Amino acid sequence: RALHAAPGEVLRDIYEESQGPTGSLDLERIFALGTGFGEFSTEALIELAACIESGDVVVETIELPFADWDLRRLATFSGRTVAHQRLCARVACWLESRGTGWSAHNPDLDYAGGRADVVAKDHSIVAECGYTKASKILAGLKAGTRCLVAPYDGGAYLFTARDGRLAPTDY
């Protein structure tokens with residue numbers, strides 16, 4: 001596929017045809033393409049889409065549990081809004097349900113993609129809540145980190161490199 005196609009064209013083409021494990025995964029929605037807060041370029045989205053299509057990256061849809069935390073406890077998490085902090089709390093509850101602890105404190109949050117919102121205590125999973133960029137997830141995958149993306153408009157998606165680490169090649 002040509003990676004210089006019009007914005008969104010390759011992504012729509014890949015996912016309209018896909019019969020693979022990711023079905024009709026909407027990366028443009030997950031990464032809030034063109035919203036001003038999310039991804040502003042299709043380049044990283046196209047690379048991530050190609051990695052998924054080739055099977056080098058597997059995406060698992062996650063249902064986050066409800067987290068009814070008081071405002072004082074929500075302040076544990078980053079973000080300027082209570083909505084962002086609640087999303088982080090839901091991710092923390094999901095990590096707890098998997099039997100791993102979590103952290104929302106610096107410097108624990110640093111990973112190859114930048115600074116996450118929540119991380120598993122063993123650093124096996126980093127989570128980006130709300131708006132994030134596909135380039136951060138690609139950097140994390142190339143460093144061998146599993147990345148959970150939990151967009152504001154629902155759902156959560158765990159991105160995992162098939163061989164544990166995504167090769168730093170261009171797609």
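# Strand 6 and its neighbours

Cys 129 stands opposite Ala 150 in strand 7. The chain gets from strand 6 to strand 7 by way of helix 6 (residues 134–142), in a right-handed β-α-β crossover. Right-handed here means that, with the strands pointing away from the viewer, the path from the first strand over the helix to the second runs clockwise. Helices (H or I, at least four residues) and strands (E, at least two) are DSSP runs, numbered from the N terminus.

This is a predicted model, in which local features need pLDDT of at least 70 and side-chain atom pairs count only at pLDDT 80 or more, while totals for chains, interfaces and linings use all residues. Residues are numbered from 1 along each chain as its sequence is written, and side-chain values use heavy atoms, with hydrogens and water left out.

## The chain as a whole

The protein chain has six helices and eight strands. Along the sequence they come in the pattern α-α-α-β-α-α-β-β-β-β-β-α-β-β. Of its 171 residues, 46% count as buried. Buried means under 20% relative accessible area, exposed means over 50%, and partly exposed lies in between (1.4 Å probe, protein chains only). Among contacts with a separation of 6 or more, 52% link residues 24 or more positions apart. Contact means heavy atoms within 4.5 Å.

Six strands form an open sheet in the order 1-8-7-6-5-2, with mixed pairing. Strand 1 (57–62) and strand 2 (102–103) stand at the edges. Each has a single partner strand, so one side of each lacks a neighbour in the sheet. Two strands pair if DSSP finds at least two bridges between them.

| Strand pair | Sense | Bridges |
|---|---|---|
| Strand 5 (residues 118–120) and strand 6 | antiparallel | two bridges |
| Strand 6 and strand 7 (residues 146–150) | parallel | five bridges |
| Strand 7 and strand 8 (residues 156–161) | antiparallel | three bridges |

Val 119 sits opposite Val 126 in strand 6. Val 126 in turn stands opposite Cys 147 in strand 7. Cys 147 has Phe 159 as its bridge partner in strand 8.

How enclosed is strand 6? All five of its five residues (125–129) are buried, so strand 6 is largely enclosed by the rest of the structure. In a regular strand, side chains alternate between the two faces of the sheet. Both faces of strand 6 are covered: Ile 125, Ala 127 and Cys 129 are buried on one side, Val 126 and Glu 128 on the other. Strand 7 is largely enclosed too, because four of its five residues are buried.

## Turns and a cis bond

Strand 5 and strand 6 form a hairpin with four residues between them. His 123 lies in the loop between these two strands. Its phi is near 65°, a positive value in a residue other than glycine. At 37% relative accessibility, His 123 counts as partly exposed.

The peptide bond from Asn 106 to Pro 107 is cis, with omega near 0°. Pro 107 belongs to the loop between strand 2 and strand 3 (110–111).

Two packed helices are described by the angle between their axes and the distance between the axes. Helix 3 (residues 42–54) and helix 6 pack at about 45°, with their axes 8 Å apart. That makes helix 3 oblique to helix 6. Axes are lines fitted to C-alpha atoms, for helices over the stretch in contact, and angles run from 0 to 180 degrees between N-to-C directions. Under 35 degrees counts as roughly parallel, over 145 as roughly antiparallel, 65 to 115 as roughly perpendicular, and the rest as oblique.

The crossing of helix 3 and helix 6 is left-handed; that is, the near helix is turned anticlockwise from the far one by less than a right angle. On the helix 3 side, the contact is made by Ala 44, Leu 45, Glu 47, Leu 48 and Cys 51. Helix 6 contributes Ala 134, Ser 135, Leu 138, Leu 141 and Lys 142.

Helix 3 also lies across strand 1 and strand 8, and runs at about 95° to strand 1.
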